[in-house]
Amino acid sequence: KVYPYLRRKPVLETIGSNVDVEVGIITYNKTDVGTHAFTTSFSTIPTITAIAVETAGGTPANVNVYVESVDLVAVQIRVSDTNFVGSVHFHAIIEKS
């Protein structure tokens with residue numbers, strides 16, 4: 001099956017002052033799970049985005065990253081390599097009402 005090439009004009013949006021955002025880095029040293037305690041007081045459970053990042057002397061960041069658990073005070077992020085040496089950068093975002 002051939003899919004036609006679709007062109008869409010990008011839609012640029014900015015985040016106003018009506019959001020709470022926390023950005024963090026979790027460092028992994030021969031493990032597959034990391035936890036971060038939020039310093040922001042979230043009123044609802046935040047949405048998390050995460051990406052693996054190689055560090056100097058670490059293992060390649062060719063791993064799957066997924067949120068294992070998240071609540072109002074912390075996030076736990078797991079990677080697919082049980083001996084991962086590197087870091088995961090994440091954003092925690094909520095929109096205030």
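Let's start on the outside: Val21, Val23 and Ile93 make up a nonpolar surface patch, with about 230 Å² of accessible area together. A patch here takes residues with over 30% relative accessible area and no salt bridge, joining nonpolar side chains (Val, Leu, Ile, Met, Phe, Trp, Tyr) within 5 Å and like charges within 9 Å. The areas come from the Shrake-Rupley method with a 1.4 Å probe, and for residues only the protein chains shown count as cover.

Keep in mind that this is a predicted model, where local features need pLDDT of at least 70 and side-chain atom pairs count only at pLDDT 80 or more, while totals for chains, interfaces and linings use all residues. Residues are numbered from 1 along each chain as its sequence is written, and side-chain values use heavy atoms, with hydrogens and water left out.

**From the patch to the core**

- Ile93, one of the patch residues, sits in strand S6; strands (E, at least two residues) and helices (H or I, at least four) are DSSP runs, numbered from the N terminus.
- Ile93 has a relative accessible area of 31%, so it is partly exposed; that label covers the range between buried (under 20%) and exposed (over 50%), using a 1.4 Å probe and protein chains only.
- Now go inside: the largest nonpolar core has 16 residues, and Tyr28, Phe38, Ile48, Ile77 and Phe90 touch the most other members.
- The elements giving two or more residues to this core are strands S1 (19-31), S3 (47-53), S5 (74-79) and S6 (84-95).
- S6 provides the largest share of this core, five residues.
- A nonpolar core, by the way, is a set of buried Ala, Val, Leu, Ile, Met, Phe, Trp, Tyr and Cys residues joined through side-chain atoms within 4.5 Å.

**Who touches whom inside**

- Once you skip its neighbours within four places in sequence, Ile48 is in contact (heavy atoms within 4.5 Å) with Phe38, Val67, Val70, Val75, Ile77, Phe90, His91 and Ala92.
- Ile26 lies in strand S1, and its relative accessibility is 5%, so it counts as buried.
- Leaving out residues up to four places away in sequence, Ile26 touches Gly34, Thr35, His36, Ile77, Gly86, Ser87, Val88 and Phe90.
- Ile26 and Lys96 are 70 residues apart along the chain, and 25 Å separates their C-alpha atoms.

**Aromatic pairs**

- Rings of Phe, Tyr and Trp (its six-membered ring) pair if their centres lie within 6.5 Å; planes under 30 degrees apart count as stacked, over 60 as edge-to-face and the rest as tilted.
- That rule gives two aromatic pairs.
- One of them joins Phe38 and Phe42 edge-to-face, with 5.0 Å centre to centre and 85° between the planes.
- Both Phe38 and Phe42 are buried.

**Salt bridges**

- Side chains of opposite charge can pair when their charged atoms come close.
- There are three salt bridges in the structure, each defined as a side-chain nitrogen of Lys or Arg within 4 Å of a carboxyl oxygen of Asp or Glu.
- Asp20 bridges to Lys96, with the closest N and O atoms 3.6 Å apart.
- Asp20 is in strand S1 and Lys96 in the segment after S6, so this pair ties together parts 76 residues apart in sequence.
- Asp20 counts as buried at 18% relative accessibility, whereas Lys96 is partly exposed at 32%.
- Arg78 forms a salt bridge with Asp32 (2.8 Å, N to O).
- That pair links Arg78 in strand S5 to Asp32 in the loop between S1 and strand S2 (33-37), 46 residues apart.
- Asp32 counts as buried, with 16% relative accessibility.
- Arg78 also forms a salt bridge with Glu68 (2.5 Å, N to O).
- Here Arg78 in strand S5 is linked to Glu68 in strand S4 (residues 65-70), ten residues apart.
- Glu68 is partly exposed, at 36% relative accessible area.
- Put together, Asp32, Glu68 and Arg78 are linked in a network of salt bridges.

- Lys30 isn't a glycine, yet it has a positive phi of about 60°.
- You'll find Lys30 in strand S1, and it counts as exposed at 60% relative accessibility.
- Glu54 is in the loop between S3 and S4 and also counts as exposed, at 53% relative accessibility.
- Glu54 touches Thr59, Pro60 and Ala61, not counting residues up to four places away in sequence.
- Glu54 and Val85 are 31 residues apart in sequence, with 7.9 Å between their C-alpha atoms.
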